[in-house]
Amino acid sequence: MINLTINNLPVQVSEGQTVLDAAHKLGIDIPTLCHLKSTGGCHVESKTGSCRVCVVEIDGRPNLAPSCCTPATEGMKIITSSLRVINARRTMLDLLLSDHPKDCLTCEKSGDCQLQDLAAKLGLHRIKYKGEMSKHEIDVSSESIVRDPNKCIMCRRCETACNVVQTVGVLSGVGRGFEAVVGPADLRPLSETKCTFCGQCVAACPTGALTEVDHTYKCWNAINSGKTVVVQTAPAVRVALGEAFGMEPGSVTTGKMVTALRMMGFSKVFDTDFSADLTIMEETTEFIERLKSGKNLPILTSCCPGWVKFFEHQFQDLMHIPSTCKSPQQMFGAIAKTYYAKKIGVKAEDMIVVSVMPCLAKKYESARDEFNASGTRDVDIVISTRELASMIKEAGIAFDHLEESQYDDPLGESTGAGVIFGATGGVLEAALRTAADWVTGKDLQEIDFTAVRGLDGIKEATVKVGDLEVKAAISSGLGNARKLLEKIRKGEAQYHIIEIMACPGGCLNGGGQPYTGGRCDEILAKRMEAIYRDDKNAKIRKSHQNPSIKKLYEEFLGKPGSELSHKLLHTHYHGRRNV
Amino acid sequence: MSCPINSKAELAKLSPEKAEELDVYLTSLPLTDDRERNRGFLIQSLHKAQEIFTYLPSVVQVHVANRLGLHLAEVYGVISFYSYFTDKPVGRYKINICTGTACFVKGADKLVEEFQRYLGIKLGETGTDGKFSLTGLRCVGACSMAPVVMVNDRVYGNVTTKMVPEIISDCK
């Protein structure tokens, strides 16, 4: 252990910890901007020390030191709030702001901007330095992410998220000096890169330099278009939406959210959990077929569009092993605009399907050319959890005072297996619940596969499915996915089934979720706990027992894996350039 | 790092001999599966690639990235940082005018003007016939001979605007 004092208070930290860690231990808040601690099973700490906002005075050293990347050493005497430190921090911030747009009022990130917060915290009310301003083109090429380098403060947190956590490798510092900017190779548009649109860079960005493509206005337009507008909400949205309204992290807001969506004017409020159950029907059928034939194993889940795009660019040689199932979002769209549209006597083109997703890649996914099984776009508009929160606020709805209400039938009926899709390991657990029943022909009561739960980045478990010992692996975060895939490529690992989610922790930490600030670990754990609580409280907890799903097969699809199922619910993948 | 896309085949479309030469060089490096170690060979690989291809077009960058297990963005980041590297085609004769402090004090700005006028191209450009490129560079460490002009590997010292036609006529 290392002993040091900060502001005359003694503190003990272990070898390798920084001055910032030591200060946190004492409850001393040192402001940071470029520092990033990644969570959700991806233990990456970015300490580039580039912003110099966290400087402190160290006895015996002539210069101020950045606390985020200065290791604590024995006998250190540190002062974090001397006049010299305060002046230095204000100067650093002043200089950062001198080359930062001043349109805070209308900035997408206003209210969630760490630069704005810091200016308030340091009491900076006037910008002293005026000088040249950077001028860069704003990249609006993609369906998911807007890149506005003018608002970039070169903290490089997005680079860490993209290259180290996700190993996607799209973002890099380009150029030097005043002209330096973070962007893709050749500064080409994001839409022409191997960006997976996972949105972890957006979650990491302290300013408005990386934000989602805003579809709220498009959504209001749709609601007022006179068409039949149905909405689906993804599992992870209900356990995070409350945070945007000051509710405790981990609050399950399903009932209030449904009420709010009805008040906003949606014709029907449905649940992506329903199509998650449908995904399990199709995917488990495919899994059991592959188990029997021993071919194309391990089967990889394919619910996550960020992950799908990742392997299309970077693991083309393994493109035969992911499940051919579409994601629950796309299955929902295809069923809503065929089965349901027919049921209520509306043409597919007179129906608009809106999704509320914890994800930014879902915006891109819905726009993929092939997703028009209904003859028109299966999913028309995708908004994130954050966008839904802002629409609810815009509509003047007092969210925390709302009465709870139920989803509409039939596409709103779901099971506990559907809701756990929102956490890493959930899809696999849901599939195992159904596979175990189908293989044994029984209604098994032991359905909590706890070995596949938790926030670890890579999890492995051997699970009994009938007489079979199924070897399963789960990874969340694309960097972890890469580790698993490289093992498979080299033949070093033998699994039967693998679940992969692009975002560390799964959808509950999606790029479209409310920003977690510095409380990421704590908030993710609470969201996860809420998901499993919701599952535990569900009346039905196995996808194949969902009455509306049974009815859908009886009335329309036939059986899982049928020709119509393949037409509507399955897809194919495209190799994409690895640049 | 990357899936087995044949970036060498793409490179060979540019020039099979040059692609081979670069590949022989990259093969001679002690590269491993450890991308962080391989990163240490990036700058020398880019030097070699630029020596062979005279510039670093995207296909060259992709191939170097693939062989070293790095992402294209990382490679491009390095290329864009160092003024020595260029991803635009350059002329057979690269006229580099030193604009470091000593050369600047001794009138490098006038040399820049004169070369621009004489060649009809601006600093940073390459003539349409592909013969000359004109660039400015920082100190080459020959300040006693300031102002200095380099044409490929040849160094001209104490250059005056009157010497410009002479320097250009040396380029045959």
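Modeller: S1(B) pairs with strand S3 (residues 149-151) of chain B in the antiparallel sense, over 3 bridges. Within that pairing, B:Asn96 has B:Met150 of S3(B) as its bridge partner. This is a predicted model, so read every value as computed. S1 (residues 93-98) of chain B also pairs with strand S2 (residues 132-137) of chain B. Here the two strands run parallel, and 6 bridges join them. One of the residue pairs is B:Cys98 with B:Leu137 in S2(B). In general, strands of a sheet pair through backbone hydrogen bonds, in either a parallel or an antiparallel sense.

Now place these strands in the chain. Chain B has 9 helices and 4 strands. Along the sequence, the pattern reads α-α-α-α-α-α-β-α-α-β-β-β-α. The C-alpha trace of chain B spans about 55 × 30 × 25 Å along its principal axes.

Next, a helix pair. Two packed helices are described by the angle and the distance between their axes. For helix H1 (residues 7-14) of chain B and H5(B), the axes come within 9 Å and cross at roughly 150°. The threshold for roughly antiparallel is over 145 degrees, so H1(B) counts as roughly antiparallel to H5(B). The crossing of H1(B) past H5(B) is left-handed. On the H1(B) side, the contact is made by B:Ser7, B:Lys8, B:Glu10, B:Leu11 and B:Leu14. H5(B) answers with B:Val59, B:Val60, B:Val62, B:His63 and B:Asn66. By class, the residues of this contact are 5 nonpolar, 3 polar and 2 charged.

H5(B) brings us to the other chain. The contact between the chains takes 14 residues from chain B and 18 residues from chain A. On the chain B side, helix H5 (58-68) and helix H6 (72-81) are the elements that give two or more residues. H6(B) gives the most, with 7 residues. The chain B side divides into 8 nonpolar, 5 polar and 1 charged.

Across that contact lies chain A. Its domain assignment gives domain 1 (2-98), domain 2 (134-213) and domain 3 (217-569). The centres of domain 1 and domain 3 of chain A, taken over C-alpha atoms, are separated by 41 Å. In the contact between these two domains, domain 1 of chain A supplies 5 residues and domain 3 of chain A supplies 13 residues. The side of domain 1 of chain A that touches domain 3 of chain A has 1 nonpolar, 4 polar and no charged residues.

Strand S5 (residues 55-58) and strand S7 (residues 77-79) of chain A run antiparallel, joined by 2 bridges. A:Ile58 has A:Ile78 in S7(A) as its bridge partner.

Methods
Residues are numbered from 1 along each chain as its sequence is written. Chains are lettered from A and ligands numbered from 1 in the order in which they are written. This is a predicted model: local features need pLDDT of at least 70, side-chain atom pairs count only at pLDDT 80 or more; totals for chains, interfaces and linings use all residues. Two residues are in contact if their C-beta atoms, placed from the backbone, lie within 7 Å. Ala, Val, Leu, Ile, Met, Phe, Trp, Tyr, Cys and Pro count as nonpolar, Asp, Glu, Lys and Arg as charged, and the others, Gly among them, as polar. Two strands pair if DSSP finds at least two bridges between them. Axes are lines fitted to C-alpha atoms, for helices over the stretch in contact, and angles run from 0 to 180 degrees between N-to-C directions. Angles under 35 degrees count as roughly parallel, over 145 as roughly antiparallel, 65 to 115 as roughly perpendicular and the rest as oblique. A crossing is left-handed if the near helix is turned anticlockwise from the far one by less than a right angle, and right-handed if clockwise. Domain bounds come from an automatic or database domain assignment.
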